[in-house]
Amino acid sequence: MWKSAFSYFISLCLLASFCFVLWVVVSHDYHWEAITPYRANLLSGWLTTLWLSTAALVLSIIIGALLTAGQLSGQRASSLLCRIYIEGIRGTPLLTQILIGYYLVANAVGWDSRLGVGIVVLSCFSAAYLAEIFRAGIESIPQSQWLSARAIGFSEAQTYRFVVIPQAVRRILPAAAGQFANLIKDSSLLFVISVQEFTMQAREANANTYATFEAYLPLILGYFILTFPISLLSRHLEDRFHYED
Amino acid sequence: MRTDLEHVGKRYGDTRALADVTISLSEEDQVVVLIGPSGGGKSTLLRLLGGLETADEGALSRNGIEFPRTEPELREFRRQNGFLFQAFNLFPHLSALENIVLPLVEVHHWERNAAHARAEEVVERFGMKAHLSKRPAEMSGGQQQRIALARAMAHSPATLLLDEPTSALDPEMKAEVLDLIEDLCRSGQRIVLSTHEMGFARQCADTVVFLSGGRVEECGPAKDVFDHPCSETVRQFLSKVMKW
Ligand SMILES: Nc1ncnc2c1ncn2[C@@H]1O[C@H](COP(=O)(O)OP(=O)(O)OP(=O)(O)O)[C@@H](O)[C@H]1O
Ligand SMILES: [Mg+2]
């Protein structure tokens, strides 16, 4: 009784705040014509963000999987190195990592592609979080499953492939999907090395027109179109991999 | 097939799980039952016999050939056996059918169609055909254990090793599973099993091994061990568990 009243109250509060925010946003006096000349720029920025996020997403999964493998390898040196990497990346700001990656590291090896460096730095950053998500998922599979697999005669590789990973995927998905959405939004920080991505284009439109809201509001829609499908896909995959424990 | 254990010992840290175990199992010992108090070393002995672990001391041999010690050889050795644990055996993400088919295909290199046919044959024999497409969570404990048993013996293992296969089941399911194991015993399958079901041990065992404190207290034909135990420990244990 109290519980349902409470959840009713919460829903009402949420709905009211949502309507209020929506009303405030919608009722603002906009001058969309101010940013009309920048439409093409915004679109090309959005496409850049789409492309660089996709590339970074794929690369971060690969690096994340390698880091997880390194941690679980049982070799002390490699698991220690992976740990240090993960803690180092997770404990420091992405902004400085991007600056160091481009102006110091890429410069030292003579690589000059801002977009390329951006993708790599973003992947390395996101991979540290993914590695922890993967590791937690794999370690959550009970020891009895390993024992069963061993008794059957599976090798370690077969155990991962047929027993551990298929079960871990479902547990990993929600957190991994969240990390992918973060990666897309974090890509906006690449403005510090002047990658012409979505947020960068909005900043420029704003700087030239002083139409702040008109320049930045499209970001809401643009990023949501990128992150929402990931959410949907993750839900879909969770259903597909669903089974009772 | 002969299996010989000489002065076998196994430690886990400071615990001596097995000490100075010497037993000889001959061709006639088709059904061997391990009994004894909790912590006596039954599971440990089964794991050694099945190649899931290696002994710290002593020697195990099969037909005069020493048990392997390296992981690839051990894996090959394990593939010749079938193992069933107390519970939580099956892979929860796979259907009953897939649980049986997967090892046949991936470990024993059967054709998928042949593996399917074999799985259906075994499961039919176990009266579980209607449940083939269910996942473990959709089956009762007894049904899960029957599927696990089907998986353990689908590849016709040389020896079936069963570690307290019915301990986690309620009495009715217990009976279902014990009936199946009795059938397997009758059909000539070599079985080593540990159990707390004394009635079953007495009825089906050719040889009974009594383990206590990691040592073999008594080893011999079921009739002798149950009716005329030599050791005082065995006598006390039996009178305690037989009381109810
Ligand atoms: N993996 C392990 N790590 C540490 N100690 C262990 C391990 N496995 C067994 N032991 C110890 O070894 C001894 C023998 O254990 P084992 O499981 O073989 O006994 P058991 O006869 O099977 O007992 P139960 O009837 O309770 O299953 C026990 O004292 C146990 O605590
Ligand atoms: Mg045991």
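**Where the parts meet**

Modeller: Keep in mind that this is a predicted model. To start with the two chains, 21 residues of chain B and 20 residues of chain A take part in their contact.

Biologist: How much area do chain B and chain A bury between them?
Modeller: On the chain B side, B:Phe91, B:Pro92 and B:His93 lose the most area to chain A, together 28% of what that side buries. Carbon and sulfur atoms carry 61% of the area buried between the two chains. The total for chain B and chain A is about 1900 Å².

Biologist: Which helix gives the most to the side of chain B that touches chain A?
Modeller: There are eight residue pairs in polar contact between chain B and chain A, both residues being at pLDDT 80 or more. Two elements of chain B give two or more residues to that side, helix H2 (71-79) and helix H3 (96-106). With four residues, the one that gives the most is H2(B).

Biologist: And how many charged residues does the side of chain B that touches chain A have?
Modeller: That side divides by class. It has 11 nonpolar and two polar residues, and the number of charged ones is eight.

Biologist: Now inside chain B, how far apart are the C-alpha centres of domain 1 and domain 2?
Modeller: The domain assignment makes domain 1 of chain B from 1-12 + 31-73 + 158-244, and domain 2 of chain B from 90-156. Their contact takes 12 residues from domain 1 and 11 residues from domain 2. The distance between the C-alpha centres of these two domains is 25 Å.

Biologist: Which residues of domain 1 of chain B lose the most area to domain 2 of chain B?
Modeller: The two domains bury about 970 Å² between them, with 73% of it on carbon and sulfur atoms. Three residues together make up 42% of what the domain 1 side buries. They are B:Leu160, B:Leu180 and B:Leu184.

Biologist: What is the partner of B:Glu176 in a salt bridge?
Modeller: Between domain 1 and domain 2 of chain B the count is one salt bridge. For B:Glu176, the closest N and O atoms of the pair are 3.1 Å apart, and the partner is B:Arg146.

Biologist: Which element gives the most to the side of domain 1 of chain B that touches domain 2 of chain B?
Modeller: Strand E7 (159-163) and helix H6 (171-186) of chain B each supply at least two residues of that side. By class, the side has 10 nonpolar, one polar and one charged residues. The element that gives the most, with six residues, is H6(B).

Biologist: Last stop, the ligand. Which residue has a polar side-chain atom 3.3 Å from an oxygen atom of ligand 1?
Modeller: Of the 14 residues around ligand 1, those that come nearest are B:Ser38, B:Gly39, B:Lys42, B:Ser43 and B:Thr44. A polar backbone atom of B:Gly40 is 3.1 Å from an oxygen atom of ligand 1, while a side-chain N or O atom of B:Arg47 is 3.3 Å from a nitrogen atom of the ligand. The residue you asked about is B:His196.

Technical notes
Residues are numbered from 1 along each chain as its sequence is written. Chains are lettered from A and ligands numbered from 1 in the order in which they are written. This is a predicted model: local features need pLDDT of at least 70, side-chain atom pairs count only at pLDDT 80 or more; totals for chains, interfaces and linings use all residues. Side-chain values use heavy atoms; hydrogens and water are left out. Domain bounds come from an automatic or database domain assignment. Contact means heavy atoms within 4.5 Å. Buried area is the accessible area (1.4 Å probe) that two parts lose on being put together, summed over both. A salt bridge is a side-chain nitrogen of Lys or Arg within 4 Å of a carboxyl oxygen of Asp or Glu. Ala, Val, Leu, Ile, Met, Phe, Trp, Tyr, Cys and Pro count as nonpolar, Asp, Glu, Lys and Arg as charged, and the others, Gly among them, as polar. A polar contact is a pair of N or O atoms within 3.5 Å; within protein, one must be able to donate a hydrogen and the other to accept it, and residues adjacent in sequence count only if both atoms are side-chain atoms. A residue is near a molecule or strand if one of its heavy atoms lies within 4 Å of it.
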